[in-house]
Amino acid sequence: HCSGRVEVFYGQRWGTVCDDDWDLVEAEVVCRQLGCGKALSAARGASFGQGSGPIWLDDVNCEGTEAALSQCRATAWGSHNCGHGEDAGVVCTGTHHSCHGGSCGRPFQTDPEGPSAQIVRLVNGSSNCSGRVEVFHEQQWGTVCDDSWDLTDAQVVCRQLGCG
């Protein structure tokens, strides 16, 4: 299954989500956002291991219809009363083949200013930082034509995904 600790990208850093108020509704939003199917469970208590770095979100409260975790109500970015022993996770119905390089979460960037989360992903690569480039537009993923595609374009995608 697609499963693991939930992390979000904010302020050029990856960070975790606290499990306060974390339940199946929030897990459902994450699984949908990542293209990993339906939520089977909302993992609490760092059941996928403790993260490191900032804890970006706490008291996340989704309605269940959101396209991205960033659309759910939560405390201000970085404001929390948690430790990494409370890192949230998800187990989704999707398989690792529907995830990116065997990990659903790594390439996904949450933009608190925007209406949705990540718009670029890499698929079928040997790692999180390699693969076919796809973009999210009008609620669906599509490929990018290679006409005029060059190293400059690739560097933009790599930077956007935190891959250097």
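Predicted model: local features only at pLDDT ≥ 70, side-chain atom pairs only at ≥ 80, totals over all residues.
Residues are numbered from 1 along each chain as its sequence is written, and side-chain values use heavy atoms, with hydrogens and water left out.

**Exercise 1.** State the strand order of the open three-stranded sheet and name its edge strands.

Solution. Strands are DSSP runs of E, at least two residues, and helices are runs of H or I, at least four, numbered from the N terminus. Two strands pair if DSSP finds at least two bridges between them. The order is E1-E6-E4, with antiparallel pairing. Strand E1 (3-5) and strand E4 (39-43) are the edges, each pairing on one side only.

**Exercise 2.** Describe how E4 is joined to E6 and what packs on the sheet.

Solution. Four bridges link E4 to E6 (residues 89-92). Ser41 stands opposite Val91 in E6. Helix H1 (residues 24-33) packs on the sheet and touches both E4 and E6, where contact means heavy atoms within 4.5 Å.

**Exercise 3.** Is Cys62 buried or exposed, and which residues does Cys62 touch?

Solution. Cys62 sits in the loop between strand E5 (55-57) and E6. Buried means under 20% relative accessible area, exposed over 50%, partly exposed in between (1.4 Å probe, protein chains only). Cys62 counts as buried because its relative accessibility is 5%. Not counting residues up to four places away in sequence, Cys62 touches Val25, Glu26, Val29, Leu69 and Cys72. The C-alpha atoms of Cys62 and Leu24 are separated by 9.7 Å, and these residues are 38 apart along the chain.

Key: Axes fitted to C-alpha atoms, helices over the stretch in contact; angles between N-to-C directions.
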